[in-house]
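Have the model open as you read.

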Amino acid sequence: MAYPQRIAPRLLLPALLACAAIANAAPQAGKPGTVDPLEASIAGEFALQAGQLPEAAKRYLEAARAAQDPVLAERTARIALLADEDALAREALEVWNALQPDGGQAQRMLAASLALRGGNKRAARRELHALMAQDGGWQSALAALMGAVGKQQKLVVAMTREVVEDGALPDELQPWLGFGGLAQRLEQPKLVDHIVQQVVQRFPGEPRVALLRAQLLREDGKRDEARGLLAGLEDPARLSPPLRWALAAEYDALGDAGKAAQVLAFGTQEDSSYAQRAMLLDKAKDKAGLAALYDELKRGATEPNPMRRLLLGQLAESLERHSEALDWYASVPGDDAQVIARLRRASVLHAMKRSKDAYDALHAIQSDAVLDDEARRGGYLLEAELRQKDKDAAAEQDVFARGLAAFADDQVLLYSRALMWERMDDIPRAEADFRRILMLAPDDVATLNALGYTLADRTTRYREALELIDRARVAEPGNGAIIDSYGWVLFRLGKKREALEHLRHAYTLQKDPDIASHLGQVLWVLGNKDEARKYFEEARKLDPENRSLQRALQEVGEPAA
């Protein structure tokens with residue numbers, strides 16, 4: 001299991017800086033009808049920390065007006081936009097414009113977002129074209145369009161077409177690729193074809209153009225045509241490592257991991273390409289390919305390269321040559337690499353049904369005072385994973401208890417245990433561990449989102465869930481997983497249409513089985529069963545065992561396969 005990177009507390013910083021800046025500029029308090037900007041700013045921050053975004057935006061707007069501070073006005077507008085309080089965001093934008101008439105691309109992007117979300121075609125056109133005229137402004141324009149997909153899809157389609165057909169895009173490949181991807185996700189085949197034609201004309205001989213066409217064909221279900229285009233890139237890829245990696249990634253996206261590994265075998269090899277080939281061949285369940293790669297690597301294993309020997313051990317594991325894997329791991333030089341090798345040896349011993357030896361090895365790592373904390377913690381995490389494979393719930397719980405006794409309040413261990421409790425349907429204990437993390441790191445975005453989503457998905461405490469998710473949204477407004485959580489809690493609150501808007505936006509940002517499953521369920525409830533089935537099928541292709549997909553299918557009464 002991969003654990004999200006821990007994020008240092010940061011939500012309070014903008015408010016504290018703003019408070020410091022306005023403290024000296026604050027008008028005399030105590031006069032009837034006056035607002036103390038410092039007091040209003042602090043009240044806004046407290047509301048923000050409680051996840052009460054509309055109240056936070058109102059108080060920040062009061063502070064911005066009282067202090068005549070453009071930074072606070074900008075902050076107000078962004079918070080109001082996240083709260084779906086567009087009228088309040090427009091007020092904040094007016095204050096920002098008055099205090100700082102030339103607020104740059106950020107100001108233009110916010111204006112474009114509000115115009116698009118409000119269905120104001122004339123204003124949207126003006127702001128988008130102003131952005132496109134600025135250096136690098138196409139990225140802000142694209143972000144504004146993507147952010148309004150859920151609310152005003154028809155207007156977004158019209159404006160995207162207008163930007164493309166009016167020649168507003170710069171004569172560079174990346175903007176065309178970006179707008180081509182948006183057109184594809186908006187399901188506008190004619191616009192996609194127009195963009196592809198323009199790209200081919202403007203950038204003849206550019207291999208990334210063929211990659212774009214192949215990607216769009218794949219997303220349109222024309223997999224054989226996509227494969228034909230990719231085949232034409234194999235010779236150029238032999239001479240260009242970046243193209244080789246991009247081509248392999250597209251073959252992998254087509255579901256042909258074996259072909260992707262074959263492409264990466266072109267040219268000079270290094271540790272990263274060997275490791276990626278091994279991962280792709282394992283994904284393709286190509287035992288013959290793995291064996292050939294294993295033999296290739298063994299021939300060059302005369303030097304004591306720690307990464308190469310670790311990879312040889314992992315290949316031997318994949319080929320179920322367990323004794324050879326143990327030998328490779330035993331030969332890994334270097335203290336840092338040897339820690340990884342010790343953990344892998346325990347995993348191999350477990351696969352050999354030598355569970356006692358595996359757990360003894362992990363206990364030795366856990367109690368090795370010479371190792372650093374991260375390595376010892378890794379021993380607990382791996383033991384918990386192996387206990388889960390053994391379906392030994394009591395032992396898995398004991399591992400976390402011992403780990404947290406050794407590393408009190410370790411946030412990674414707490415987070416992992418919370419996920420265990422959720423998997424075991426013990427939501428109170430999962431919540432307790434998530435909340436312990438938030439006591440230690442109140443602004444940990446991953447935990448705010450995880451707890452908020454858990455409460456939305458597994459309890460009826462939807463308002464509380466919304467406040468937690470809103471705090472995560474303020475920290476990372478463009479995070480697809482957090483936008484998905486927001487859409488899901490809106491659905492649970494009965495706001496189906498609003499939920500659909502945000503789930504569509506999330507899926508535009510990130511093709512993920514959880515998001516596709518949520519989108520399918522909301523569409524089903526709204527009566528769009530054919531479109532719902534399309535998203536269920538996409539989720540199934542991404543991960544047929546996905547728990548969100550299984551629950552969604554059960555709730556709507558569709559068969560699991």
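## A covered helix

Let's start with α16, where A257, K259, A260, A261, V263 and L264 are buried. This is a predicted model, by the way. The helix spans residues 257–264 and is mostly covered, with six of its eight residues buried.

So much for the inside; what covers the buried residues of α16? The cover includes α14 (234–239), α15 (241–253) and α17 (271–283).

## α11 against α12

Next up is a helix pair. Two packed helices are described by the angle between their axes and the distance between the axes. For helix α11 (residues 189–202) and helix α12 (residues 207–219), the angle is about 165° and the axes are 10 Å apart. Angles over 145 degrees count as roughly antiparallel, so that is how α11 and α12 run relative to each other. As for handedness, α11 passes α12 in a left-handed crossing.

Which residues of α11 and α12 make the contact? From α11 come V192, V196, V199 and V200, while α12 brings V209, L212, R213 and L216. Sorted by class, this contact of α11 with α12 has seven nonpolar residues, one charged residue and no polar ones.

## α20 against α21

Now for another pair, further along the chain. Helix α20 covers residues 322–330 and helix α21 covers residues 335–351; their axes come within 9 Å and cross at roughly 165°. That angle makes α20 and α21 roughly antiparallel to each other, and their crossing is left-handed.

On the α20 side, H322, A325, L326, Y329 and A330 take part. They meet Q338, A341, R344, R345, V348, L349 and A351 in α21. By class, the contact of α20 with α21 has eight nonpolar, two polar and two charged residues.

## A glutamate in α7

One last stop, at a single residue. E127 is found in helix α7, which runs over residues 121–132. Is E127 buried or exposed? Its relative accessible area is 8%, and buried means under 20%, so E127 counts as buried.

And what is E127 in contact with, leaving aside its neighbours within four places in sequence? The contacts of E127 are then R108, A111 and A112.

Terms used
Residues are numbered from 1 along each chain as its sequence is written. This is a predicted model: local features need pLDDT of at least 70, side-chain atom pairs count only at pLDDT 80 or more; totals for chains, interfaces and linings use all residues. Side-chain values use heavy atoms; hydrogens and water are left out. Axes are lines fitted to C-alpha atoms, for helices over the stretch in contact, and angles run from 0 to 180 degrees between N-to-C directions. Helices (H or I, at least four residues) and strands (E, at least two) are DSSP runs, numbered from the N terminus. Angles under 35 degrees count as roughly parallel, over 145 as roughly antiparallel, 65 to 115 as roughly perpendicular and the rest as oblique. A crossing is left-handed if the near helix is turned anticlockwise from the far one by less than a right angle, and right-handed if clockwise. Contact means heavy atoms within 4.5 Å. Ala, Val, Leu, Ile, Met, Phe, Trp, Tyr, Cys and Pro count as nonpolar, Asp, Glu, Lys and Arg as charged, and the others, Gly among them, as polar. Buried means under 20% relative accessible area, exposed over 50%, partly exposed in between (1.4 Å probe, protein chains only).
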